[in-house]
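Me: I would like to learn how to read the features of this model one at a time. Can we begin with its pocket?

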Amino acid sequence: MRITRHHHAHRLVAAATYAAIVTGAAAGILHAAPGGKDDKPAKGPAPLVWPLPPDKPRVKFLATYHGAADFNAKKPGRWKTALLGNSPDQGPSDTFVKPYAVAVAPSGLVYVSDTVARRVFVIDREKRKLSFIGDRGNATLTKPVGIAVDGVGTVWVADATLKRVLAYAPDGTFTTAIGKEGDFDTPSGLAVDRSRKVLYVVDASRHQVIAFSLVDGTRLRTIGRRGGETGEFNFPTNVAVDALGRLYVADTLNFRVQVFDEHGAFVRMFGTLGDAPGTFNRPKGIAVDSEGHIYVADTAFDNFQIFDSEGQLLLFVGHGGADSGQFLLPAGLFIDERDQIFVADQGNSRVQVFQYLRGDAK
């Protein structure tokens with residue numbers, strides 16, 4: 001993979017407060033967001049790809065999701081909802097308001113947490129249907145942030161306000177919660193190691209990552225404390241796990257990514273504060289593809305960057321804006337088994353989907 005260089009200015013911003021880190025508030029940052037056309041899957045003979053020709057494409061734009069209007073024909077369009085709001089009998093928003101995280105189940109269902117809509121959206125792309133989790137009953141969500149799906153389809157949701165990590169069956173029924181009362185202060189990012197049956201929970205304000213067994217719910221280990229040394233964190237936000245069980249942590253206000261092995265031992269770290277490609281300003285979303293490349297969404301840069309396993313920059317995708325392939329306060333990242341890349345584009349109230357084109361891509 002080769003680096004592509006986009007000639008636009010990255011912004012250097014001051015470190016944000018805790019609330020801005022976890023919820024994605026603008027925190028005084030000015031983002032240029034020119035009005036763009038309504039995003040649809042790329043059509044025609046010239047797909048939207050990165051890097052630009054004549055370099056070999058490695059990432060291709062696929063689609064954008066806004067919510068019910070993309071799937072259920074009888075639901076109101078996103079602009080009608082934005083202008084008029086939801087009718088009294090409609091309940092919470094059926095379109096994304098501020099999507100924070102994305103996860104894809106082994107079945108292919110796509111789950112999107114939304115901190116303002118206060119629910120989890122469930123997208124069935126095959127049946128073109130939309131449903132919801134956590135918007136009723138005794139496990140109603142207040143501020144869902146991190147989300148992960150385990151190997152049997154259980155959906156785990158971190159709620160920053162409730163200070164709980166809740167589990168829902170594939171049909172949306174609440175089943176259990178993990179951890180004891182007081183285990184979390186501000187749970188945020190989640191990741192599941194499906195092979196080893198481990199759930200990782202980031203606690204942003206405690207500056208640590210906690211590992212739980214998905215077999216019996218026991219607390220296996222705690223990684224980190226506040227600080228700037230190796231193995232220490234400063235408001236971490238999200239995590240990812242690769243096929244070998246290695247854990248990747250977006251150490252947000254240390255402006256770096258830290259990597260640990262399946263036992264929690266420190267492996268390496270990369271990144272520094274800056275305003276150039278390959279540096280970070282507010283790294284938040286993180287994911288790993290099938291070839292071991294590390295993807296990091298930076299809320300301040302309005303893009304995601306792709307690194308090799310040693311932390312060397314390969315490519316970055318996007319910049320501030322509202323058109324396809326542009327972002328405004330991107331947060332969560334997820335890469336599924338087909339190397340499709342899902343980005344929670346918070347400020348544009350949508351999820352964008354891309355395809356990583358492996359080495360044999362034409």
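Reply: The largest pocket is lined by 43 residues, and those nearest its centre are Arg-194, Val-241, Val-288, Phe-334 and Ile-335. On a 1 Å grid over the protein atoms alone, a pocket is an open set of points with protein on both sides within 12 Å along at least five of seven lines, a cavity is a set where a 1.4 Å probe fits but cannot get out, and lining residues have an atom within 4 Å of a point. The model is predicted: local features need pLDDT of at least 70, side-chain atom pairs count only at pLDDT 80 or more, and totals for chains, interfaces and linings use all residues. Residues are numbered from 1 along each chain as its sequence is written, and side-chain values use heavy atoms, with hydrogens and water left out.

Me: How much space lies in the largest pocket?

Reply: About 900 Å³. Grid points are joined across faces, edges and corners, and the volume is the space filled by probe spheres set on the points.

Me: Which elements give two or more residues to the lining of the largest pocket?

Reply: Helices (H or I, at least four residues) and strands (E, at least two) are DSSP runs, numbered from the N terminus. Here the contributors are strand 3 (99-104), strand 7 (144-149), strand 11 (187-193), strand 15, strand 19 (283-288) and strand 23 (330-335). Strand 11 gives the most, with five residues.

Me: What does the lining of the largest pocket have by class?

Reply: Ala, Val, Leu, Ile, Met, Phe, Trp, Tyr, Cys and Pro count as nonpolar, Asp, Glu, Lys and Arg as charged, and the others, Gly among them, as polar. The lining has 23 nonpolar, nine polar and eleven charged residues.

Me: How many bridges join strand 16 and strand 17?

Reply: Five, in the antiparallel sense. Asp-251 has Arg-256 in strand 17 as its bridge partner.

Me: Where does Asn-254 lie, and which residues does Asn-254 touch?

Reply: Asn-254 is in the loop between strand 16 (247-251) and strand 17 (256-260). Contact means heavy atoms within 4.5 Å. Leaving out residues up to four places away in sequence, Asn-254 touches Gly-227, Gly-228, Glu-232, Phe-233 and Asn-234. Its side chain also reaches the backbone oxygen of Gly-227 at 2.9 Å.

Me: Why is one side of strand 19 and of strand 22 left without a neighbour in the sheet?

Reply: Strand 19 and strand 22 (313-317) stand at the edges with a single partner strand each, so one side of each has no neighbour in the sheet. The order of this open sheet of four strands is 19-20-21-22, with antiparallel pairing. Strand 21 (residues 303-307) and strand 22 pair over four bridges, and Gln-305 stands opposite Phe-316 in strand 22.

Me: Which peptide bonds are cis?

Reply: Among them are the bond joining Trp-50 and Pro-51, with omega about -10°, and the bond from Pro-53 to Pro-54, with omega near 15°.

Methods. Polar contact = N/O pair within 3.5 Å; in protein donor to acceptor, adjacent residues only side chain to side chain. Pairing = 2+ DSSP bridges.
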